[in-house]
Structure formats: C-alpha cells, structure tokens
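This briefing covers helices, a pocket and some backbone features of one structure. Please look over the sequence and coordinates before reading on.

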Amino acid sequence: MAYALALLTFVALSAACWAVSVALYRSTLDAPDPAAAPGHEATPGIAVGVAALTCLVPFPAGYLAGLVVWAVAAFGGLGLPAGRAAVLFAYLAASSFVARLVVLGVLDLTAR
C-alpha cells in the first residue's frame, strides 16, 4: 500500500513538473503547447508515467534516470527543433530537481 501511495504521489509530482515546464516554455518562447502537434498527443502521458517510475529509485540515480526520460520526451517525442527542445528540457530538469528536493525535505522532516 505504501508503494502505491508513493507512486501516486510521484505521478502527481511528475505531472506538475510537466505542466509547469510547458507553461514556462510557452511563455518564454511565445509558442503553442509542444504536445498539441498531431502525432505527439501521447508523449506527455508516457513521459510523466515513466518519469514517475524513476522516482522510486533513490536520489541522485533516480534524478539522472528521470533526466533521460525527459530528454527522450523533449528531443525525440515531440518533434521540436533542437533549441526549443533544449529549453523545454532545461525547464523539465529544473522542476524535477525542485520536486525531488521537496520530497527529500518532507522525508527528512517525517523521519525525525
């Protein structure tokens, strides 16, 4: 039961990372949602799901695995030009790092 609750939490955090990163991407580059292009509708869901699974791996290895997932989504899954994909990936990496720090902080507080 604890793993199911943890996985559900990580899915929510990964979805939040995606949503925040896409919002920052759209405001920075004044571009439409990168997943709105035909043929790329499934990319966010798959990326969020797989990134959530990497959260079960301890930090920092899980973070690095999550970066690989985000890189595949940004550079390969959305068909973006390299520069735009790099901007989206940077936002995904930063938001994912912050989310993992929050989880580590909560775990530290509850372990006391």
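What follows is a short account of the model, grouped by topic.

The structure is a predicted model, in which local features need pLDDT of at least 70 and side-chain atom pairs count only at pLDDT 80 or more, while totals for chains, interfaces and linings use all residues. Residues are numbered from 1 along each chain as its sequence is written, and side-chain values use heavy atoms, with hydrogens and water left out. Helices (H or I, at least four residues) are DSSP runs numbered from the N terminus. Buried means under 20% relative accessible area, exposed over 50%, and partly exposed in between, with a 1.4 Å probe and protein chains only. Contact means heavy atoms within 4.5 Å.

**Helix α2**

- Helix α2 covers residues 43-54, which makes 12 residues. From first C-alpha to last it reaches 17 Å, close to the 16 Å expected at 1.5 Å a residue (the expected span is 1.5 Å times one less than the number of residues).
- Its buried residues are Thr43, Pro44, Ala47, Val48, Ala51, Ala52 and Thr54. Seen down the axis of α2, these buried residues fall within an arc of 155 degrees, so they line one face of the helix (the arc is that of the directions from the helix axis to the C-beta atoms).
- An α-helix has 3.6 residues a turn, so residues three or four places apart point the same way.
- Gly45 and Ile46 are exposed on the face of α2 turned away from its buried side.
- The buried residues of α2 pack against α1, α3 (61-77) and α4.

**Helix α3**

- The 17 residues of α3 should span 24 Å at 1.5 Å a residue, and its end C-alpha atoms are 23 Å apart, which agrees.
- Gly62, Tyr63, Gly66, Leu67, Val69, Trp70, Ala73 and Ala74 are the buried residues of α3. They line one face of the helix, because down the axis of α3 they fall within an arc of 165 degrees.
- Leu64, Val68, Val72 and Gly76 are exposed on the other side of α3.
- The cover over the buried residues of α3 includes α1, α2 and α4.
- Ala73, in helix α3, is buried with a relative accessible area of 4%. Leaving aside neighbours within four places in sequence, Ala73 is in contact with Trp18, Thr43, Ala47 and Leu78.
- Ala73 and Gly105 are 32 residues apart along the chain, and their C-alpha atoms are separated by 28 Å.

**Helices α4 and α1**

- For the 29 residues of α4, a span of 42 Å should result at 1.5 Å a residue; the end C-alpha atoms are 42 Å apart, which agrees.
- Buried in α4 are Ala85, Leu88, Leu92, Ala93, Ser95, Ser96, Ala99, Arg100 and Val103. What covers them includes α1, α2 and α3.
- Arg26 lies in helix α1 and counts as partly exposed, at 42% relative accessibility.
- Not counting residues up to four places away in sequence, Arg26 touches Ala31, Pro32 and Asp33. Arg26 and Leu7, 19 residues apart in sequence, are 28 Å apart in space, C-alpha to C-alpha.

**Largest pocket**

- The largest pocket has a volume of about 380 Å³. On a 1 Å grid over the protein atoms alone, a pocket is an open set of points where a 1.4 Å probe fits, with protein on both sides within 12 Å along at least five of seven lines. Grid points are joined across faces, edges and corners, and the volume is the space filled by probe spheres set on the points.
- It is lined by 19 residues, of which Phe10, Cys55, Val103, Leu104 and Leu107 lie nearest its centre (lining residues have an atom within 4 Å of a point).
- The elements that give two or more residues to this lining are α1 (2-29) and α4 (82-110). Helix α4 gives the most, with 7 residues.
- The lining divides into 15 nonpolar, 3 polar and 1 charged residues. Ala, Val, Leu, Ile, Met, Phe, Trp, Tyr, Cys and Pro count as nonpolar, Asp, Glu, Lys and Arg as charged, and the others, Gly among them, as polar.

**Backbone features**

- Most residues other than glycine have a negative phi, and most peptide bonds are trans.
- A cis peptide bond, with omega about 5 degrees, joins Phe59 and Pro60. Pro60 is in the loop between α2 and α3.
- Asp30, in the loop between α1 and α2, has a positive phi near 50 degrees. Asp30 is exposed, with a relative accessible area of 73%.
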